[in-house]
Every structure is written in C-alpha cells, then in structure tokens.
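Reader: I am new to this structure, and I would like to understand the words used for it. Could you take me through them with care?

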Amino acid sequence: MFDLSDYKWWQKAVFYQIYPRSFADGNGDGVGDFAGMIAKLPYLQELGVDAIWLSPHYPSPFVDCGYDVSDYQDVGREYGTLDQFKQFLNQVHQRGMRLVLDMVLNHTSDQHPWFIESRSSRDNPKRDWYMWRDGIDGNPPNNWFSAFGGPAWEFDARTSSYYYHYFFKEQPDLNWRNPAVKEAMFNAVRFWLDLGVDGFRLDAVGTIFENEDYPPIPEGMSQEELYRLGFKKSNPDADEGFVAYFMQMFGQQVDKPEVHQLMQELRTVVDEYEDRVLIGETDAIEFYGDGTNELHLNFNFPLMQADKLTARHVKQNQAQRLSALPEKAWPCNTLGNHDVSRVYTAFGDGINNDAQAKLHLMLLLTLKGTPFLYNGEEIGMTDLLIRDQQLFRDPLSLLYVDLERRVNGTDEGSAVVVGAKKGRDRNRTPMQWSNEPNGGFCPPEVTPWLPVNPNYADGVNVNDQVSQPDSMINFYRRMLLVRKQNPALLVGDYQEIDIDNEELLCFSRKYANDELLVVLNMSAENRQVVLPRKVNQILINTLKNWVHIEDPAPTLLPYQGVVYRVG
C-alpha cells in the first residue's frame, strides 16, 4: 500500500472550475444558481473531480461579470441565499470534495458601501480606502491607462478629484497601504474560512499595488498601438513584442514588491485554519515565496500560451517551470478557464479535435502538479461567437469592436465578430446538459443569460455522451480514475525521456517502486516509438485501437496517447 499522508489534499486533487451563472439553473430563470449546483454535485462526484473552484458568487452589479464585488460577505441574490451557499458547501464536503472561492483583492465595485462612503466627501473616514488624487492643470494625475480601456483615472464631480482603477471605472482600486483596508479584507477572508471553505483563488494578485510615486509612462504610448501589436495573435501574451510594450505601458501598475509581504501576511491568516489553500491568478514564480510562506499554488499559464500544443513546447515549458520552482513549491497546470478560449477550440485543428482534446487531457492529468479543469471541457464544449452585440455581456467585447474599427478600419459587422472572438462571452455560455431546448440548462420558454451553443443538439451535451462508451465525458471519467488510482500520477517524480523524435513527448512518473510511462504523439502523423522501458500493462489509451502490450516499438496514430506501467 502507498502512504500519501505526507502530501496535502490540494497536491493530490483535480480541481474543476464552476462559472456559477452558466453551470446549472435550478429555479428556471435562465441564470445558474446554488440550487442548480447542489443538484449537480452527484454529477461532479461521478466525473471524479476532487475540488471545486467557484467563480465569484458575491453580490455584484455584474459590470465585469461578477468580479466587481459589492459585498464580500454575502451571496448574489440571483444565485440564492447565504443559507443555500452553506447547504452547497456542506454537501460538497459530505461527498468528499473541497470548495475554493474566488477572492477579488485588488478592487471593489463602485456600488460597494465602502466606495459610496469614500466618494461622499474628502474628509470621509473611508476616503483613504481607495486611491484618490487631485488632477494637474485640469488633467488626470498622470497618463496611466486602464487595462480594460481608457485612462486609469476617473474624474468624480462630487469632490472634484480622480480615483484610480486598473480595470473598469466601475472597479475602483482599494488602497492596501491603509491598515484599515487590510483588516477589513482579512476579515472577509476569515468570514468564509469560518464557514468552512477550503481556500481561495486570488484574482489578479499582481495588480494590488502600484508605484506610489505615480511616474508617467513614455509619451505617445497608446492602447491602439498595443491592440495593433496583439490583434492578429491568438496568444499575444506569448509574443515578445506585445509583452514588452505591455510592460512599458503597465509596468508601474503591476507586480510591485509590496505584494509579496501582503501575500505572506495573508498566508499567516489562512494558516490559522487547518489545511486550507491559496491559489494565485499569476504565473510569477515569486508568488511562491520560499515555497512555504506565500501562495501554495500559482498557475503555469505559459503551458497554455501557445497556438498549438507541441511536444517541443511542453518539453521547454516543463524544463523551465520545474527547475525554477523553490524546493518546497508545488506545480499547478491548466489549459483553460473563464478568461480564454475553450480548450477544444484553442488547441483543435478543425479535423482531429476529439483526439486532440483527449490527448490534451491526458497530458494535463499526467504532468507533475495540480491540474485545473473548466466546466464543459468534459463534453468538448466549444467557443460560441455571438454575432449580435446586443447580446454581449462582456464589456471587453464592445471595447474590441471599437478598437477594431478605429485601428484597422474594419466595417461594423466584421468588427463585431472580432469583438466576439476577443471577448469572454464566447467561453462562458451555459453548460449543455441534454439535447433538449436550451441544452437543458433552463426551461425552453426561458431566455438564458447568454445564448446556449446550438451544438448541444449535435451530441455536445452530457446526457447523450454518458451512454456512449467512447465519448469525451467517458474518457474524462476513465482518465480521472486512472489518475486517482495511481500515486505516481498524483505525486510522483517527473522525468522527461528523450526518444529522438521531436513530435513525441515521453516522460515517466515514479513514486516508491511504481513507475508509469507516458507516451504522447502530439502530431497529425503516425509516429513509431521504441519504448525506453519494459512495460507490462497499458493503463489507458486515448483511441479505440489498443496498441499491443507485447509490441516494444508501437506506432501511435495521430494525437494518440498511452499510459503504461513499467515492469
């Protein structure tokens, strides 16, 4: 028997992100809610996930899709009540799963009572809870930009001064240099920990502090030029020119040294409670601290910042990432979330999408580290391009429509398509539960908050796939079970194996005396591989045609992956 007691639950878990507005509508109003989530917990348990990351469920005007919080210690009424949240949490725990909440530290909604007080007068006790500055000769305090369009300073006529916002103007930044702000936010953290939640995913942690001297950026920089650098690229974050320009524009507003002291203090708060976890929306290794004193997990975003997942890209990513981690830090991998294109769309070639999606899941669940899935991936949900801007719910789509027209001179119809592609509505559409109208998400006569992807009628739904042995969802279930049953995949050492073929990825995972061999053909061609180890069992194969265990040099079909037991 294997003894995994030395490892934390979050090191062994597979996380599943729920976007609450789109997951399950329990009361038939077209919006997901806690009643729906409670009803679907048996589904998640059968799928085989261990923990849930719940995107914001707080009261919110929903300007930024819930990331503009107006009360940190309550539940948005569209989702239910605090008592229903408690019922959800208890049932998650009763089923042996964990629950992690989104916590938005950088900013509040402009409808939060704190900000309403802060803007009421210059001498209000909460004035210094936000970033207020006077203008200079009728202009904003400096020439900084908001990452979500326009200047970073919003003039407020009530007190004839400006407040700072890194994101939308409806999301004023908190002043974390004020001890009262820190105390209030840490109390909000304790509120949920006292209820029993298992930790937090921290939104946009790199934006919490700015350069308090407020130096201007170089004259002539513009969001139009930033857009021009990035608009043709599916992953501009991986482009050196785009990143360099972005950091020159926003470098004074992100990743300031003070944030690490704050993360250490927050870690101390969380460590007051037993067995909780902090996960950062950042790929910066620095947020691990020394591996024990800041965040427990940071996302390996560079893994998914590629136009195509190739063996070469994965090898380089793993070599760089694993070697950079502090000694006691733990890796964390994902290929998708609510902010980026769905995995099936982002990494599919339009021909082999099913095979590629299964291969990519095998990759994610066999690499070393904690994996994160996003709801709907398990049935192969795809992006939906909404071509009517009246149906947009993400304001970023409208920003991109405007930029596309101004920067590239594109006609309005084509610009709307660009806005749909670059906005975030495309991957937040409702979960597709059946082939009934609205995908079974809500009653047929109800209009869901976002349109349901019509491919629910073509088998991209839970009910149809459950009865098909080779469906996407059943492969997810098998792959999750294989991971759960094999400690080598949970916590084992990772070793890349060179098999002299740049299209094949081969590595071993070893724990105690048990070793597994993972071989992935990440190309569209047949590839023969001479197995570098003697194997005695095939644990799982992505495709129907099973390679023979006796074959020491099998030929893998395009995008085929196999997990062997060595011995």
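Author: Let us begin with a term for single residues: buried means under 20% relative accessible area, exposed means over 50%, and partly exposed lies in between, with a 1.4 Å probe and protein chains only. The model is predicted, so local features need pLDDT of at least 70 and side-chain atom pairs count only at pLDDT 80 or more, while totals for chains, interfaces and linings use all residues. Residues are numbered from 1 along each chain as its sequence is written, and side-chain values use heavy atoms, with hydrogens and water left out.

Reader: Why is H13 called largely enclosed by the rest of the structure?

Author: H13 covers residues 353-366, and helices are DSSP runs of H or I with at least four residues, numbered from the N terminus, as strands are runs of E with at least two. Of the 14 residues of H13, 13 are buried, so the helix is largely enclosed by the rest of the structure.

Reader: What makes the span of H13 close to the expected one?

Author: The expected span is 1.5 Å times one less than the number of residues; for H13, with 14 residues, this gives 20 Å, and the helix reaches 20 Å from its first C-alpha to its last.

Reader: Why is Asp-156 called buried?

Author: Asp-156 has a relative accessible area of 2%, and it is therefore buried. The residue lies in strand S5 (residues 153-156), and, leaving aside neighbours within four places in sequence, Asp-156 is in contact (heavy atoms within 4.5 Å) with Arg-119, Trp-132, Ser-161 and Tyr-163.

Reader: How do you know that S4 and strand S6 pair?

Author: Two strands pair if DSSP finds at least two bridges between them, and two bridges join S4 to S6 (residues 161-164), which run antiparallel. In S6, Tyr-163 is the bridge partner of Trp-132. The open sheet has three strands in the order S4-S6-S5, and S4 (132-133) and S5 are its edge strands, as each pairs on one side only.

Reader: What makes a space a cavity, and which residues lie nearest the centre of the largest cavity?

Author: On a 1 Å grid over the protein atoms alone, a cavity is a set of points where a 1.4 Å probe fits but cannot get out, and lining residues have an atom within 4 Å of a point. The largest cavity is lined by 14 residues, of which Val-343, Tyr-344, Ala-357, Glu-377 and Tyr-476 lie nearest its centre. The largest share of this lining, four residues, comes from H13.

Key. 1 Å grid on protein atoms, 1.4 Å probe; cavity = no way out; pocket = protein on both sides within 12 Å on 5 of 7 lines; lining within 4 Å.
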